Amino acid sequence: MTLNFIKGILSYSKTELNLKACLRGGQSFRWFISDHDQNEFTGVIRGKIFTFKQMEESIEYTVHYNQQITKNIGNIDQELKDYFHLNENLADLYSNWSQKDEKFRLRIEQYGYVLNGIRVLRLDPVENLFSFICSSNNNIKRITQMVNNMCSHFGDLIGTLNDKNYYTFPSIDRLCHKDVEDKLRKLNFGYRAKFIHQAALYIKNNFDEQWLFSLRQKNYNETVNELVKIPGIGKKVADCISLMSLDKLEAIPVDTHVLNLARNMYHFVPKEAKKSLSDKTYREIADSFRQMWGKYAGWAQTVMFIDDLVEFKKEKINQLEKKEKVALKRSVSDTIMTPKKNLKKIKSKN
């Protein structure tokens, strides 16, 4: 199968768009790091295969597409601006959150190389919804495996790149087929298999795929109230979908990471509070963050969520070690230079 391709450059520095944090931080589950370059990422956006290369001051990209699937390639730069929310001034947002929240400011000062450049993605609502049904009681690595299994078994093949097959995300119609639940159970989806099939049937029988996109026009509360009617979607998953694909940037998905943040760093809930969340406690935590961070609270929470992920802790340790080495070099340099400066002063006096 022959793929067409185009290349381009996004003129955004790493502090404006941090690819690893955005693509591997629990928002989308379809991105893979290259085996030969840790700054190169390949995945699928809206039926096209994208490869991004992170540079310090820009991002190089290549788009491979199948003309049988993508009839009109469109404006790729505009599509990426939409996908990464690039019309939002990230420096202004970080400055605003730092002024409102001393703890946020200190985290960015300490780990800026890892935590700068984090953006909320604007995902396809269908992909986002079914991906997060998979997220229940799960971790990022396993969710990634499940989502890509769903694509390879029920999506359409886009093409092969570097010996790896890439697929479209399955349509709601395809997920309504009678064979879906049984196949997903054989793929170790467990109880999520039933919810995926039932959610697809619910949307098809009552609405259509465009109904999900129409929720972008509703307010936050209306959107969440509609989403939680879908089988397999509770409050947290509804908030994830609202935040990452339905333009509700005030949505705060309260999971164990955010509960620990609320308990241990911000003291919004007592330390002895139960790990399981009541609806009342969930709402109080989310409202506390919204009150502190403002209308883009969900975006600020995304930064703090990624700060807590294991995958990024090694990078933060490396950053601290680099800072310590630089500080040590400066200290040694000052110690060596001080006598020479004093000697010059003595000579000048004589």
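Which residue forms a salt bridge with D82, and how far apart are the closest N and O atoms? The points below take this up in a predicted model.

1. The partner is R46, and the closest N and O atoms of the pair are 2.9 Å apart. R46 is partly exposed, with a relative accessible area of 35%. D82 is also partly exposed, at 24%.

2. D82 forms a salt bridge with R122 as well, with the closest N and O atoms 2.6 Å apart. Because R122 sits in the loop between α4 (102-115) and α5 and D82 in helix α2, the pair ties together parts that are 40 residues apart in sequence. R122 counts as buried, at 16% relative accessibility.

3. R122 forms a salt bridge with D247 too, and here the closest N and O atoms are 2.7 Å apart. D247 is in the loop between α12 and α13 (256-265) and R122 in the loop between α4 and α5, so the parts tied together are 125 residues apart in sequence. D247 is partly exposed, with a relative accessible area of 29%. Through shared partners, salt bridges join R46, K48, E79, D82, R122 and D247 into one network. The structure holds 19 salt bridges.

4. Next, helix α11. At the start of α11, a side-chain oxygen of N219 reaches to within 3.2 Å of the backbone nitrogen of N221.

5. L227 also belongs to the largest nonpolar core, which has 102 residues. Along with F52, F84, L129, F130 and F289, L227 is among the members that touch the most others. Helix α15 (residues 297-307) gives the largest share of this core, seven residues. Apart from this core lies another, of six residues, including I49, I158, L161 and Y166.

6. Last, the cysteines. A search of the whole structure finds zero disulfides. For C134, the nearest cysteine sulfur is that of C151, 9.4 Å away. C134 is buried, at 0% relative accessibility, and C151 is buried at 1%.

Notes
Residues are numbered from 1 along each chain as its sequence is written. This is a predicted model: local features need pLDDT of at least 70, side-chain atom pairs count only at pLDDT 80 or more; totals for chains, interfaces and linings use all residues. Side-chain values use heavy atoms; hydrogens and water are left out. A polar contact is a pair of N or O atoms within 3.5 Å; within protein, one must be able to donate a hydrogen and the other to accept it, and residues adjacent in sequence count only if both atoms are side-chain atoms. Helices (H or I, at least four residues) and strands (E, at least two) are DSSP runs, numbered from the N terminus. A nonpolar core is a set of buried Ala, Val, Leu, Ile, Met, Phe, Trp, Tyr and Cys residues joined through side-chain atoms within 4.5 Å. Buried means under 20% relative accessible area, exposed over 50%, partly exposed in between (1.4 Å probe, protein chains only). A disulfide is a pair of cysteine sulfur atoms within 2.5 Å. A salt bridge is a side-chain nitrogen of Lys or Arg within 4 Å of a carboxyl oxygen of Asp or Glu.
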